[in-house]
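These are my notebook entries on one structure. I record what I looked up, entry by entry.

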Amino acid sequence: MTLRVTRFAPSPTGELHLGHVAHAICVWRIAAEHNAKIVVRMEDHDRTRCKSEYEHSILDDLDWLGFVPDAVSRASLNSHPSAYRQSDNTERYAAAFEKLKQVTDVYGCSCTRAMMPTSGPDGERRYPGTCRGMPIDREGRFVVRARMPGDETEVEDLLLGSLHQQPQHDQGDVAIRDVFGQWTYQFCVVVDDMHDGVNLIVRGEDLKPSTGRQWLLAKLLGRTAPFVTAHHPLLYAADGKKLSKRDRSETVRAMRERGMSREAVIAAAGVGVPGAGRQGSAAPRMSPGDPPG
Ligand SMILES: [Zn+2]
């Protein structure tokens with residue numbers, strides 16, 4: 001049987017908060033159920049929003065909470081450069097981009113969101129390919145897009161069954177580089193998942209529409225090994241409040257400073273997690289010698 005590899009990949013744009021903790025509970029539980037290794041990765045491709053002090057604080061909070069990832073990736077993030085920190089691996093994305101250019105058209109696109117019709121089952125804007133054929137070194141503000149094949153995709157989701165998607169029809173050509181010249185989330189995550197051997201992607205249902213285009217992009221980049229996904233529903237805190245990734249109101253840091261124990265923080269995040277009744281698998285593994293609280 002193929003070794004399952006999943007990842008926990010926060011963006012250091014703020015402190016670790018309850019939404020992260022609830023998601024981590026899902027990742028660690030699903031990994032335990034499928035005997036998967038968990039790689040930790042810092043998704044700091046967006047240099048305008050990410051800060052290294054948040055990275056330190058997120059890793060420290062994860063350690064304190066007892067979420068133990070694969071030791072190699074965790075230890076690697078103590079050093080600079082690290083293979084698990086996106087900002088340290090610009091050559092990796094540049095090399096993948098060179099490869100992409102050989103297998104599909106890439107072009108500069110100056111269209112604004114307003115110029116794109118809304119469509120798709122999830123209300124995503126579809127890019128109609130207006131700028132195909134334009135160079136990738138245009139004047140002014142532009143993104144770089146890659147022409148996506150028209151294939152229908154089928155990806156197995158452990159929680160939802162088969163996901164059938166039509167990325168070209170629903171979203172159009174994917175953005176590879178943003179207006180600041182930075183590699184996009186979609187591109188980095190595909191390249192990194194290939195590099196890290198990730199074949200089990202656990203994430204919230206809001207990212208379900210990304211599945212097909214990430215698979216097409218991966219295939220363009222030469223990926224042959226399939227991945228499966230596990231898209232969990234929106235998560236709710238113990239108090240019934242929705243836990244979104246953008247909700248920074250309840251940071252682990254603040255809860256620690258108030259004297260809350262790790263068990264109390266995990267309980268506050270964990271109640272609304274689907275299947276959280278199975279307490280045995282919900283509890284993350286403690287690291288050896290890690291004192292509770
Ligand atoms: Zn355009």
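Is C111 buried, exposed or partly exposed? I found C111 to be partly exposed, because it has 15 C-beta neighbours inside 10 Å. The cut-offs I used are these: a residue is buried if 20 or more other C-beta atoms lie within 10 Å of its own, exposed if 12 or fewer, and partly exposed in between, with C-beta atoms placed from the backbone.

**Entry 1. Basis.** I am working with a predicted model, in which local features need pLDDT of at least 70 and side-chain atom pairs count only at pLDDT 80 or more, while totals for chains, interfaces and linings use all residues. Residues are numbered from 1 along each chain as its sequence is written.

**Entry 2. Overall.** I noted 10 helices and 11 strands in the protein chain. Helices (H or I, at least four residues) and strands (E, at least two) are DSSP runs, numbered from the N terminus. The chain has 293 residues, of which 39% count as buried. I then turned to contacts, where two residues are in contact if their C-beta atoms, placed from the backbone, lie within 7 Å. Among contacts between residues at least 6 apart in sequence, 82% join residues at least 24 apart.

**Entry 3. The loop between β3 and β4.** I placed C111 in the loop between β3 and β4. Not counting residues up to four places away in sequence, C111 touches M116, T130 and C131. I list G140 as exposed, because it has 7 other C-beta atoms within 10 Å. From G140 to S110 is 8.1 Å, C-alpha to C-alpha, although they are 30 residues apart in sequence.

**Entry 4. Helix α6.** Just after α6, G197 takes a positive phi of about 70 degrees.

**Entry 5. α4 against α6.** Two packed helices are described by the angle between their axes and the distance between the axes. For α4 and α6 I read an angle of about 100 degrees, with the axes 10 Å apart. Axes are lines fitted to C-alpha atoms, for helices over the stretch in contact, and angles run from 0 to 180 degrees between N-to-C directions. α4 is therefore roughly perpendicular to α6; angles under 35 degrees count as roughly parallel, over 145 as roughly antiparallel, 65 to 115 as roughly perpendicular and the rest as oblique. R92, Y93 and A96 of α4 meet F187, C188, V191 and H195 of α6. I also looked up A94, which is found in helix α4. A94 counts as exposed, because it has 11 C-beta neighbours inside 10 Å. The C-alpha atoms of A94 and W183 are separated by 8.8 Å, and the two residues are 89 apart along the chain.

**Entry 6. α1 against α9.** Helices α1 (residues 18-33) and α9 (residues 262-270) pack at about 85 degrees, with their axes 8 Å apart. I therefore record α1 and α9 as roughly perpendicular to each other. On the α1 side the contact has L18, V21, A22 and I25, and on the α9 side V265, I266, A268, A269 and G270.

**Entry 7. Nonpolar cores.** A nonpolar core is a set of buried Ala, Val, Leu, Ile, Met, Phe, Trp, Tyr and Cys residues joined through C-beta atoms within 7 Å. The largest has 37 residues, and V21, I25, V27, I38, V265 and A269 have the most contacts inside it. α1 gives the largest share of this core, 10 residues. Apart from this core lies another, of 23 residues, among them V144, M148, V189 and L216.

**Entry 8. Backbone.** A cis peptide bond joins H80 and P81, with omega about 0 degrees. P81 is found in the loop between α3 (71-76) and α4. N35 is not a glycine, yet has a positive phi of about 55 degrees. I placed N35 in the loop between α1 and β2.
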